[in-house]
Amino acid sequence: MIDVTDLKVVRQSRTICQLDTLQIGSQDRIGIVGSNGSGKTTLLKVLAGLETDYHGHMNGSPEVRNHTTYVHQSPFLFRGTVLQNVVFGLRMKKFGRRERSQMALAWLNALGIAHLAERSTQNLSGGERRRTAMARALAVQPKLLLLDEPLADLDPGGIDAVVRVIHEFPHAVVIASPVTLPAELSCRIVTLERQKPHFADAKP
Amino acid sequence: MQFLSEGVTHAFRLLIVGDAEVISAAWNSVWISISAVLLATAVSVPMAIVLYETKSWVSSSLVVLFRAALNLPTVFIGLVCYAVFSRQGPLGSAELLYSPFGVVTGEFMLAVPIVVSLTFGTLQGLDTRILETMRTLHIGSRLRWITYISEARLGMMVAVLTAFSRCITELGIAMMVGGNIKFHTRTLTTATALETSRGEFARGIAMCLILLLIGGCITVLLAWMQRTQESIRE
């Protein structure tokens, strides 16, 4: 689905992200693991098309590029309620108002925050904000979902809900994390290091 | 000093009884400035959004030009409008010279750089994640523009009110393009200049009091909006 080769992102004469090769299949679960500053966020932004100034090659069909969604490490929520935020992405799809709300509520329910639907985004905790942003991204049904540290700030119940949703998601998911990801996600692990990455395929 | 205190007393009397000349000048000032600023906002906000979204040397150069235009003296804009609207000018047949619509056009030219520059500055100050989030959710341009306006509304309102306060207090355009015609193009500023030169201090002071009142209202409105925004953030 997406092939990345010899990727290198340089800023102010410093290599901030380097990767020899990465293939993403249509239903892959890939964990990008590395310490702070190893280039995980940069790699996700390159895959999302938000970072265009890089060396190397990235091949992917326009279909995938137009259906790739990225959730920030510290997600941004628009003014309004949680439900309005999740519906936001669906406004570009050809669904009726009621259908959009139902779909959004279904994702909020799956992530265990349906009770927050009418709450203002100004009054959410870090974990609630993260799950709201994730519901917004999942609702548009991307072919490739890019999640930057999705388990940070979450309580055990939140982690369970997110892991379950990611596990059941039918399309490709790439997760960046500074720590080892839960085994339930059965991710193929790509380790990024500050200088040069090496790969360890953790898939059984 | 006695003439000043008498002037102030007489000014209040004129305001209370609703002197026709004062009311006419005040009304002209208000509707001309509001029309100019509304038109300028309709043009400038989309222009600022396009400049913000288009990252090229052309857009950067235009932003510099708009910022430079903030320093244009109103008499220069008045002069340009006069040349364009006069009988020999390219728009002479439109008969805009010495008409309130001519003043609206001049004040529109004054307001556009203010609204574009301040709105652009506000958009630049927005969180970069807003644009990134909308791009990765593949949001179309219409919804994107609505979101920009929603997220940057305080800054945009400040831009609009700043333009309004500049338009309502300017003298050069109103005098040169409007011609200070009684009950037709006379505004608070041109009337103040005229009445003072004629020694009619009371009328001049009455006009100035209205201008100060409008300026005060705008300041209070801006402060209230800023407080509301801060309380929402908290």
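How many helices and strands does chain B have? Chain B has 11 helices and zero strands, where helices (H or I, at least four residues) and strands (E, at least two) are DSSP runs numbered from the N terminus.

A word on the source: this is a predicted model, in which local features need pLDDT of at least 70 and side-chain atom pairs count only at pLDDT 80 or more, while totals for chains, interfaces and linings use all residues. Residues are numbered from 1 along each chain as its sequence is written, and chains are lettered from A and ligands numbered from 1 in the order in which they are written.

Chain A, for its part, has six helices and nine strands.

| Chain | Box of C-alpha atoms along the principal axes |
|---|---|
| Chain A | roughly 45 × 35 × 35 Å |
| Chain B | roughly 65 × 50 × 25 Å |

Of the 204 residues of chain A, 42% count as buried, and of the 234 residues of chain B, 37% do. Buried means that 20 or more other C-beta atoms, placed from the backbone, lie within 10 Å of the residue's own.

Now to where the chains meet. In all, 16 residues of chain A are in contact with 16 residues of chain B; contact means C-beta atoms, placed from the backbone, within 7 Å. On the chain A side, β5 (68-71) and α3 (82-90) are the elements that give two or more residues. The largest share, three residues, comes from β5(A).

Key:
Two residues are in contact if their C-beta atoms, placed from the backbone, lie within 7 Å. A residue is buried if 20 or more other C-beta atoms lie within 10 Å of its own, exposed if 12 or fewer, and partly exposed in between; C-beta atoms are placed from the backbone.
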